[in-house]
Amino acid sequence: MTDDEWIYLLVLIVSFLLAFPVNRVPTGTTRIIYCTLVGLLLAVTTCRYQVIFSLAATTLTFLVLALLPTSIGYKVNFLTSFVFLLFVRLSTTFGLPKASSFTNVIQLLLTLKLVGFGFELHDNPDLLNLDEHKPRKKEPSWYILCYELFTYSYCFLGLLTGPHFTYKTFSHMIQRREYLPLNKLLPRILDRGKYLPFIGLAFLVTSYYFPLDYVTTSAFGDRHFAFRLFFMVASFVVFRSRMYFAWISSELVCMAAHLGAYPKSCKSRSGLGPSVTAEGDVKETFERDDIDFRTIYNVDLYGCDFGTTFREGMRSWNMTVQWWLSHYVYKRVPASLAPLRTTITMWISAYWHGIHSGYYLSFLTVPVIVYVEDFVRNKLRSRVANNPSQLALFDWCNWFFKMRHFDYLAMGFLLLSAKDTFTYWSSIYFIMHLTLPLCYLFALTFAKKKLPSDKQH
């Protein structure tokens with residue numbers, strides 16, 4: 001493990017311990033101050049003077065939303081927030097020190113909050129009127145806007161490791177008076193985190209035997225093709241086990257603070273929160289222990305590793321960010337650009353992740369993979385639907401290719417540069433790129449043939 005990874009682990013442990021008192025702190029202002037001070041302490045400790053970047057980004061969003069009408073403020077805020085994110089990543093170009101990994105990740109997650117906050121404010125002008133007994137105003141006063149935006153931005157929950165959560169979810173936690181007793185909360189935490197030891201072990205073992213730096217050495221090119229091909233499989237195990245560990249640990253921190261705790265009747269979704277209004281009295285619901293934390297779930301291990309389609313794998317990975325991209329990008333692309341929705345969303349996702357060309361090589365391949373997968377499934381799966389063995393074989397093949405495409409694209413994420421990514425892909429003869437037209441042609445050809453069952457009819 002690197003020094004940064006040890007620090008991240010320490011941050012998770014400290015955050016977990018400091019999350020339990022959140023529900024014991026009085027609701028409202030006192031709880032907000034507690035969460036904000038802890039968040040600022042973590043930000044300053046990890047980023048030191050570079051915390052100025054996140055402060056500047058939050059101030060910029062405040063000015064945009066305070067000075068411009070809500071009808072256009074959220075659009076300008078989207079643009080300025082992403083431009084500022086680029087500024088942070090290119091800080092050395094402007095004579096400033098390079099942003100540290102901690103500064104970069106805080107800026108990464110903060111951008112989602114700032115942009116999402118603008119959209120929430122546009123979609124619900126009453127968003128900041130927390131007290132339902134006070135008269136509601138169409139536009140929040142500047143000091144309420146500043147206070148709510150700043151405290152939401154620097155809440156220590158999810159500050160460095162996610163998950164993303166909306167301002168509405170945050171405000172519900174701040175006002176929540178009901179919570180599970182420790183003897184009911186701990187079993188839930190233990191159940192959610194039961195795979196962490198195995199995930200951590202998988203990371204330590206695979207990262208030791210398959211160091212990524214080996215790919216860029218001349219010795220790697222001399223290895224057998226089978227080894228070079230398998231290396232992407234092992235590298236993706238390293239990558240996703242690290243992400244799984246961070247995401248699930250972050251979920252446990254949120255669970256300890258009851259962030260995203262809602263009655264099951266709310267039918268909560270990752271990122272969104274409740275999709276319907278809760279049934280009955282919330283206090284009684286908590287007493288019945290009838291709640292879940294799906295709002296802050298960031299990964300579905302089964303969907304990632306065993307889901308049969310590429311789409312399912314994507315939806316199960318970094319789920320709160322997937323919701324953000326779907327809700328604020330994909331669904332808001334103008335109807336005139338509807339055919340390009342997936343491509344635009346993947347481009348925004350690549351831009352959000354960073355400026356490295358490897359991100360774009362990977363993300364902009366996704367629309368092609370999804371298109372071919374949909375085409376093959378539409379042409380072939382229905383033809384074997386009545387034959388359980390053939391259907392199982394088809395789904396297994398779909399799963400196998402889905403996982404290999406994830407392995408393949410992960411190398412762009414890990415190697416970062418276009419040169420290193422192309423060097424690796426060429427060492428395995430761009431095999432996963434080649435499978436796409438081959439699968440397309442196979443489905444196109446096979447769909448025209450009549451099956452024995454078709455002839456009988």
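A salt bridge is counted here where a side-chain nitrogen of Lys or Arg lies within 4 Å of a carboxyl oxygen of Asp or Glu. By this rule the chain holds 7 salt bridges. The structure is a predicted model, in which local features need pLDDT of at least 70, side-chain atom pairs count only at pLDDT 80 or more, and totals for chains, interfaces and linings use all residues. Residues are numbered from 1 along each chain as its sequence is written, and side-chain values use heavy atoms, with hydrogens and water left out.

**Overall architecture**

The chain contains 22 helices and 2 strands; helices (H or I, at least four residues) and strands (E, at least two) are DSSP runs numbered from the N terminus. With a radius of gyration of 24 Å, close to the 23 Å that the globule rule gives for 457 residues, the chain is as compact as a globular protein of that length. This radius is taken over C-alpha atoms, and the globule rule is 2.2 Å times the number of residues to the power 0.38. The C-alpha trace spans about 70 × 60 × 50 Å along its principal axes.

Of the 457 residues, 48% count as buried, where buried means under 20% relative accessible area, exposed over 50%, and partly exposed in between (1.4 Å probe, protein chains only). Among contacts with a separation of 6 or more, 74% join residues 24 or more positions apart; a contact requires heavy atoms within 4.5 Å.

**Charged side chains**

The chain has 44 positive and 31 negative side chains, and the centres of the two sets lie 6 Å apart. Lys and Arg count as positive and Asp and Glu as negative, while His and the chain ends are not counted. The place of a charge is taken as NZ of Lys, CZ of Arg, CG of Asp or CD of Glu. Side chains of opposite charge can pair when their charged atoms come close.

| Acidic residue | Basic residue | N to O distance |
| Asp123 | Arg332 | 2.8 Å |
| Asp191 | Lys194 | 3.3 Å |
| Glu251 | Arg192 | 2.5 Å |

The salt bridge between Asp123 and Arg332 links distant parts of the chain, 209 residues apart: Asp123 belongs to helix 5 (residues 101-123), and Arg332 to the loop between helix 15 (319-328) and helix 16 (341-353). Asp123 is partly exposed at 42% relative accessible area, and Arg332 is partly exposed at 31%.

Asp191 and Lys194 form a salt bridge; Asp191 is partly exposed at 46%, as is Lys194 at 41%. The salt bridge of Glu251 with Arg192 joins helix 11 (residues 225-257) to helix 8 (residues 182-192), the two residues being 59 residues apart. Glu251 is buried, with 0% relative accessibility.

Glu5, in helix 1 (residues 3-19), is buried yet has no salt bridge, and its nearest side chain of opposite charge, Arg242, is 4.0 Å away. Leaving aside neighbours within four places in sequence, Glu5 is in contact with Phe203 and Arg242.

**Backbone features**

The peptide bond from Gly162 to Pro163 is cis, with omega near 0 degrees. Pro163 lies in the loop between helix 6 (142-153) and helix 7 (167-175).

Arg48, a residue other than glycine, has a positive phi near 55 degrees. Arg48 sits in the loop between helix 2 (29-47) and helix 3 (51-67) and is exposed at 61% relative accessibility. Asn318, also not a glycine, has a positive phi of about 50 degrees. Asn318 occupies the loop between helix 14 (310-315) and helix 15 and is buried, with a relative accessible area of 11%.
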